[in-house]
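This report is for a reader who meets the structure for the first time.

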Amino acid sequence: IASAGESLAAGVVFTVPALIFLGHPPSLWHIFLLALLGGALGVLLMIPLRHNLIVEEHHTLPYPEGTACAEILKAREGGSRKAWLAFGGLLLGAADKALFGIFRLWSETLDFTLFRLYTLSIDTTPALMGVGYLIGVKYSLIMFAGGLLAWWVIIPLIATFGIDATIYPSLVPIVQMSTDDLWSNYVRYIGTGAVAIGGLISLVKLLPLLFRSLKGHFASMIKDFGKPHTKRRTDTDLPFFWVIGGSIAIALLLLFLPTLNLNLLSVVLTLILAACFVGLTSITVGIVGASSNPASGMIILTLLVTSLIFVGLGWTSGLFLVMAMSVGSVVGIALAIAGDTSQDLKTGFLVGATPRAQQIAMLLGILIPAVSIGYVLKLLQETYGFGTGALPAPQATLMSIVVSGVMQGNLPFDLVAIGIVVGIVVELLGIRALPFALGIYLPVSTTTCIAIGGLLSLIIDLTGKKRHAREQGTLLASGLVAGDALMGVFIALISVLGWIKPSGSALLASWLSALPLAAVFLLFLFFTLHKAPLIEDGGPLP
């Protein structure tokens, strides 16, 4: 229930401010409807996929945050030593977050620049290292390779050959732009194209599973109609007719509520795109974790498809700009909730929960945040202003550019096309395009720290007693993720209350940011490879 609010807020803040940028600020009632209907749609569409993705793909999709939560919950079962290992990681992650988030002892990001054009950044957050450990070395290094291509190949090429040019979408000459400016103005569009094609390829691969899942649910619904319930508690979902009936009800509300201003085609597009991307989102967060959820990339793909269809029909007025963005908002909120639902269901699978109870809890958990999120957005807009330095809202800004760019014909399609070609080439080389594309789309500081965690996982697997080392590492990594998240919520709260400033300069030199991360790395190795197992003997983790 609690996690639903966080995910709903993420989906709303990624998309709804774009309506403000397009000159059509939504009312509180409009925001409530988008949040409630999009959130409910995300939960419902995940129900038919749960068994296939969470249970059958258990060993393929780790769902890092879901696994982390399960390990924290199970820590009490292993005795005091196991519990201390998990909560020691939690305290370490929280302490590190507090030292730079509250006391500003060091910078969160460490930057290295070689020969002006080659920049490598490291986000020194231990939680990302923990996520990398849970993901494993394979996918973390694939993501890092995508980041290297973006920052050490594409950006230097743009800076070298376009030095005196001013190239759209930037209005500033390239010679005056930093590497961060080059990434946000050019490379992120390339990353968008790569994520789009990587997602499309993954979706095509997912279609047999989707059809098999839907076929099985329809067959089960018909076969079991009117019969007493026989499924095990831990494999019991909400009845499939809830998915069908709830989706139809949401479609009717989207169509007939005048506040939303959606027509039949836009509602049909919303349902189709949400149904396609919910499964893809679940697979993606199962690989890279919810903290790197590429929902914004899929929302951009949603906006591209919707806007291109509208342009083909000649619907290019301001009304249709808002309609296209509303479609993106509902789909985006559904994807954010679906990613969170996936992690929750993974936790439930690992600890023996009842999926049906979790799904009801998620639906209930959407209601109160949906009521309050509009007031929060209004407060942020009045206090800071979306699109300002204090509250840049980069995802919403990019989405407003995509919608207006397609509808008005000035989107940098060449950059998006380059990303599409890159994704196809990577897939042809036998590498999964989506993790690689995420490396291009995400800041390199994120993928670098995740890669460090992946290498940590490799070292432990090669040098440790595999069973005990892997279990102890999972507990520590889980604690790091949980501690960082809890302290992050606390920091956000005291920032809103005005007790600390949202940002500020670090007290210590920038290079000292590497020391806390190195210390966590070494402590992680020490406790994980400790000769005397810190975990009592017992059965393997599920």
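## Overall picture

A residue counts as buried at under 20% relative accessible area, as exposed at over 50%, and as partly exposed in between, with a 1.4 Å probe and protein chains only. By that rule, 55% of the 542 residues of the protein are buried. The model is a predicted one, in which local features need pLDDT of at least 70, side-chain atom pairs count only at pLDDT 80 or more, and totals for chains, interfaces and linings use all residues. Residues are numbered from 1 along each chain as its sequence is written, and side-chain values use heavy atoms, with hydrogens and water left out.

The protein has 19 helices and two strands. These are DSSP runs numbered from the N terminus, with helices being H or I of at least four residues and strands being E of at least two. Contact means heavy atoms within 4.5 Å. Among contacts between residues at least 6 apart in sequence, 83% join residues at least 24 apart.

## Helix 1 against helix 12

Two packed helices are described by the angle between their axes and the distance between the axes. Axes here are lines fitted to C-alpha atoms, for helices over the stretch in contact, and angles run from 0 to 180 degrees between N-to-C directions. Helix 1 (residues 2–21) and helix 12 (residues 318–351) have axes that come within 8 Å and cross at roughly 160 degrees. Helix 1 is therefore roughly antiparallel to helix 12; angles over 145 degrees count as roughly antiparallel, under 35 as roughly parallel, 65 to 115 as roughly perpendicular and the rest as oblique. The crossing of helix 1 with helix 12 is right-handed. A crossing is right-handed if the near helix is turned clockwise from the far one by less than a right angle, and left-handed if anticlockwise.

On the helix 1 side, the contact includes S3, A4, E6, S7 and L8. Among the residues that helix 12 brings to the contact are V322, M325, G328, S329 and G332. The residues of this contact divide into 11 nonpolar, seven polar and three charged. Ala, Val, Leu, Ile, Met, Phe, Trp, Tyr, Cys and Pro count as nonpolar, Asp, Glu, Lys and Arg as charged, and the others, Gly among them, as polar.

## Helix 7 against helix 17

Helix 7 (residues 137–161) packs with helix 17 (residues 444–463) at an angle of about 150 degrees, and their axes are 8 Å apart. The crossing of helix 7 with helix 17 is left-handed. From helix 7 the contact takes V137, S140, L141, M143, F144, G147 and W151. Helix 17 supplies V444, T447, T448, I450, A451, G454, L455 and L458. Of the residues in this contact, 10 are nonpolar, five are polar and none is charged.

S445 also lies in helix 17 and is buried, at 11% relative accessibility. Apart from neighbours within four places in sequence, S445 is in contact with T109, S121, I122 and D123.

## Length and burial of helices

The expected span of a helix is 1.5 Å times one less than its number of residues. Helix 2 (residues 28–46) has 19 residues and reaches 27 Å from its first C-alpha to its last, close to the expected 27 Å. Helix 2 is largely enclosed by the rest of the structure, because 16 of its 19 residues are buried. The 34 residues of helix 12 should span 50 Å, which agrees with the 50 Å between its end C-alpha atoms. Helix 12 is also largely enclosed, since 30 of its 34 residues are buried.

In helix 6 (residues 126–135), 10 of the 10 residues are buried, including P126, Y133 and I135. Helix 6 is followed by G136, whose phi is positive, near 100 degrees.

## Single residues

Y63, in the loop between helix 3 (50–56) and helix 4 (64–74), has a phi near 45 degrees, a positive value in a residue other than glycine. Y63 is buried, with a relative accessible area of 0%. R104 is not a glycine either, yet has a positive phi of about 55 degrees. R104 is in the loop between helix 5 (79–101) and strand 1 (109–114) and is buried, with a relative accessible area of 18%.

W242, in helix 9 (residues 240–256), is partly exposed, with a relative accessible area of 38%. Leaving aside neighbours within four places in sequence, W242 is in contact with L44 and S247. W242 and L44 are 198 residues apart along the chain, while their C-alpha atoms are separated by 7.6 Å.
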